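The following note sets out points for a colleague reading the structure alongside the sequence. Each numbered point takes up one topic.

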Amino acid sequence: MNIKSDKIDVLVTGSAGQLGRCLKKIEKEYSQLNMYFANSETLDVTNKETVQSFFEDKRFDYVINCAAYTNVEQAEKQPQKAFLVNAEGVKNLAEVCNEHNSTLIHISTDYVFDGKKGSPYTEEDIPNPINEYGKSKLAGEKYVQEILGNYFIIRTSWLYSEFGNNFFKTILKKSKTEKEFTITTSETGTPTNANDLASFILDIIQAKSINYGVFHFSNSGSATWFDFTREILVLSGKLESIILKKTDNYPTFAVRPKCSVLSKEKTSKTFKHNLLDWKNSLKNLHSTT
């Protein structure tokens, strides 16, 4: 006789990335969840047959899609690669989740907006991406919304952590050998600790929330890349030994939104989740790494 487990089965795609690794780090804190981690080698989301066969072996209650093409600069030069993962791969997952009645939690980005609003973007604001990365992520969002009813699209911004390649780690590494930084002040957003996002996602699952839809999650407050850099250097004790210069004209291949701060009002009201200020969350991470 088969006895159904009370555990919630959760698949994490793209698990080798920083968010996937943050989820792995805290899985033991969520005893109700059975977590399964798949990286791009064990589960290629761009191959529909591979995704289907993966689901034949196991029924998943939730799928957290961390699989993404995130190289903003390279996406301008090879947009087809970005769309393959960020749009077609998401479509494959959404279709298979629909067949198996799995809830999809899809991670998206502040870069679906053009940055011209001048105040924080709400979930009701109409996206208007200005680079190929943002366009590919918006295409993925649309597939999820067209195919599924039980989904969470979580837009986040400026993710960093102790894992993978990100701005936080790059600054720490360069501060060991370089004596002068020139950092842009032309973009404003919110640095977001991927560990906080990971906890938020698993809290949603453990609560078995059915408040489906689009939500924004980042730490609170806002900063420029210069502000973020300065705070990293302050915490690492390197600010006094490095010349830190501002520039409002840092050349990039991809056009980027000038101000992409996300409003978290809907998220806070819906999930009663405590959103840490970005400086406090950075301090928390720095003290543990």
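**Notes on the model**

1. S263 counts as buried, at 14% relative accessibility; buried means under 20% relative accessible area, exposed over 50%, and partly exposed in between (1.4 Å probe, protein chains only). S263 is placed in the loop between β12 (243-247) and α9 (265-271). Helices (H or I, at least four residues) and strands (E, at least two) are DSSP runs, numbered from the N terminus. Apart from neighbours within four places in sequence, S263 contacts P120, Y121, T122, E123 and H216, where contact means heavy atoms within 4.5 Å.

2. On provenance, this is a predicted model, in which local features need pLDDT of at least 70 and side-chain atom pairs count only at pLDDT 80 or more, while totals for chains, interfaces and linings use all residues. Residues are numbered from 1 along each chain as its sequence is written, and side-chain values use heavy atoms, with hydrogens and water left out.

3. Six strands make up an open sheet with parallel pairing, in the order β2-β1-β3-β4-β5-β10; two strands pair if DSSP finds at least two bridges between them. The edges are held by β2 (33-38) and β10, each with a single partner strand, so one side of each has no neighbour in the sheet. From one strand to the next, the twist averages 20°. Axes are lines fitted to C-alpha atoms, for helices over the stretch in contact, and angles run from 0 to 180 degrees between N-to-C directions.

4. Within this sheet, β4 and strand β5 (residues 151-156) run parallel and are joined by six bridges. Opposite I154 in β5 stands I107. Helix α5 (residues 132-147) packs on the sheet, where it touches β4, β5 and β10, and its direction makes about 160° with that of β4. Helix α4 lies across β1 (8-13), β3 (62-65) and β4, and runs at about 175° to β3.

5. Two residues deserve a check of their backbone angles. Most residues other than glycine have a negative phi. N101, however, has a positive phi near 55°; N101 lies in the loop between α4 (79-100) and β4 (103-109) and is exposed, with a relative accessible area of 52%. K208 is likewise not a glycine and has a positive phi of about 55°; its place is the loop between α7 (194-206) and β10 (213-216).

6. In helix α8 (residues 225-235), the buried residues are W225, F226, F228, T229, E231, I232 and L233. The buried residues of α8 pack against β6 (159-160), α6 (167-174), β7 (180-184), β11 (223-224), β12 and α10 (278-288). After α8 comes G237, with a positive phi near 75°.

7. How many aromatic pairs does the count give? The count comes to 18 aromatic pairs; rings of Phe, Tyr and Trp (its six-membered ring) pair if their centres lie within 6.5 Å, with planes under 30 degrees apart counted as stacked, over 60 as edge-to-face and the rest as tilted. One of these is F54 with F60, a stacked pair because the ring centres are 6.2 Å apart and the planes lie at 20°. F54 is partly exposed, with a relative accessible area of 23%, whereas F60 is buried at 2% relative accessibility.

8. The rings of F228 and W278 have centres 5.9 Å apart and planes at 90°, so this pair is edge-to-face. Since F228 lies in helix α8 and W278 in helix α10, the pair ties together parts that are 50 residues apart in sequence. Both partners are buried: F228 has a relative accessible area of 0%, and W278 is at 3% relative accessibility. Ring pairs link F228 and W278 with W158, Y160, F167, F168 and W225 into a cluster.

9. The charged end of K77 is over the ring of F253, 5.2 Å from its centre. That of K246 is over the ring of F226, 5.1 Å from its centre.

10. How many disulfides are counted? The count is zero, a disulfide being a pair of cysteine sulfur atoms within 2.5 Å. C97 is in no disulfide, and the nearest cysteine sulfur, that of C66, is 13 Å away. C97 is buried, with a relative accessible area of 0%.

Note on methods: A charge sits over a ring if NZ of Lys or CZ of Arg is within 6 Å of the ring centre and within 35 degrees of the ring normal.
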